[in-house]
Amino acid sequence: MYKTIVMKRICCLLAGFLSFFYVIPVASQNTTLECMYEQCFVTDTAAVKMSKYGTAENGDSTRISKENFLLHCGGSVSSFYSYDRMVVDSISAANKSAGKFSLSGYKGPLGSELRIYKNFGDNEITMIDEIGMDWFKVVEPIPEFEWELCDEWKEISGYKVRKAVCNFRGRDYEAWFASDIPVSDGPWKFCGLPGLIFEVYDTRCHYYYRLTGIRLKDASLYYPDVNAIETNMKKFNDAKRRYLENPALYMSNTYGGSVSFVDPEGNPIDPETLRSKLRHDFEEIEF
């Protein structure tokens with residue numbers, strides 16, 4: 001069972017189906033810790049101000065997106081991916097084996113397609129994500145976060161945690177880590193501290209991660225069985241911005257011809273209603 005880190009129940013939600021990929025195990029890479037993190041990020045920086053704890057200080061609290069992610073870590077490799085997406089992939093694979101059609105009929109959040117893999121042995125970090133109907137992959141050296149340890153301490157659910165700060169690709173971050181858990185890893189791309197990261201957030205309070213549960217678990221690391229286009233982070237972010245602001249134009253330019261959209265009930269959607277100005281910056285803003 002998970003050790004509870006905060007007084008909050010983590011609900012199991014079956015995600016609705018739009019698209020999915022199957023996963024294949026990398027049997028030689030076993031992990032020892034399964035950590036649950038809550039990610040909070042501001043979707044409209046003009047409409048809400050978020051605190052260092054992922055809550056709204058003022059403004060429209062619905063402009064704060066929240067999602068649970070799993071970090072499998074403890075060995076030479078680790079993976080970070082959406083809990084809802086893990087549920088979707090598991091049920092999709094089971095339905096496929098049973099001859100059923102995907103997840104038709106299920107409701108709920110789809111979950112982020114983002115996956116982060118750290119290979120400490122090869123000093124590589126791999127990001128896999130989807131834009132439109134294509135998968136993209138970015139492979140880079142594991143970042144040198146150049147953490148500065150601070151003489152500040154606090155307690156989180158019985159663990160003594162220490163503060164560290166760094167700058168990474170345009171954002172200043174503060175992190176709190178527990179040296180009692182000697183795993184040099186954390187949510188998203190964060191790693192390199194002498195202990196597991198419990199909390200980390202940028203000082204503008206646009207992105208926030210907190211550990212909500214942890215348990216020992218021997219599990220194979222799963223890697224998506226997809227054909228992904230290799231690119232770099234700047235090109236990926238540029239393409240993702242174009243897609244989010246005008247999906248119809250992006251799809252038309254990418255795949256050719258006109259594009260139609262329908263809602264889950266099959267009713268047509270006017271593509272013009274999908275156009276919107278992106279009101280937040282991505283996590284990485286300088287390269």
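User: How many residues are in the chain, and what percentage of them is buried?
Analyst: The chain has 287 residues, and buried residues make up 46% of them. Buried means under 20% relative accessible area, exposed over 50%, and partly exposed in between, with a 1.4 Å probe and protein chains only.

User: What should I know about the model itself?
Analyst: This is a predicted model, in which local features need pLDDT of at least 70, side-chain atom pairs count only at pLDDT 80 or more, and totals for chains, interfaces and linings use all residues. Residues are numbered from 1 along each chain as its sequence is written, and side-chain values use heavy atoms, with hydrogens and water left out.

User: How many helices and strands are there?
Analyst: The chain has three helices and 17 strands. Helices (H or I, at least four residues) and strands (E, at least two) are DSSP runs, numbered from the N terminus.

User: Turning to aromatics, how many pairs are there?
Analyst: There are 15 aromatic pairs. Rings of Phe, Tyr and Trp (its six-membered ring) pair if their centres lie within 6.5 Å; planes under 30 degrees apart count as stacked, over 60 as edge-to-face and the rest as tilted.

User: What is the geometry of Phe-69 and Phe-80?
Analyst: Phe-69 and Phe-80 are stacked, at 4.8 Å centre to centre with 10° between the planes. The pair links strand E5 (residues 64-73), which holds Phe-69, to strand E6 (residues 77-82), which holds Phe-80. Phe-69 is buried at 2% relative accessible area, and Phe-80 is buried at 1%.

User: And why is the pair of Phe-145 and Phe-190 classed as it is?
Analyst: Their planes stand at 35° and their ring centres are 5.6 Å apart, so the pair is tilted. The two residues are 45 apart in the chain, with Phe-145 in the loop between strand E9 (134-141) and strand E10 (148-156). Phe-190 lies in the loop between E12 and E13. Phe-145 has a relative accessible area of 3%, and Phe-190 has 0%; Phe-145 is buried, and Phe-190 also counts as buried.

User: Which residues form the aromatic cluster?
Analyst: Phe-69, Phe-80, Phe-145, Trp-147, Phe-168, Tyr-173, Trp-188, Phe-190 and Tyr-209 form one cluster.

User: What is the phi of Trp-188, and is that residue buried or exposed?
Analyst: Trp-188 has a positive phi of about 55° although it is not a glycine. Trp-188 lies in the loop between E12 and strand E13 (196-202) and is buried, with a relative accessible area of 4%.

User: Where is Arg-169 found?
Analyst: Arg-169 is in the loop between strand E11 (159-168) and strand E12 (171-178). Its phi is near 45°, and Arg-169 is partly exposed at 23% relative accessible area.
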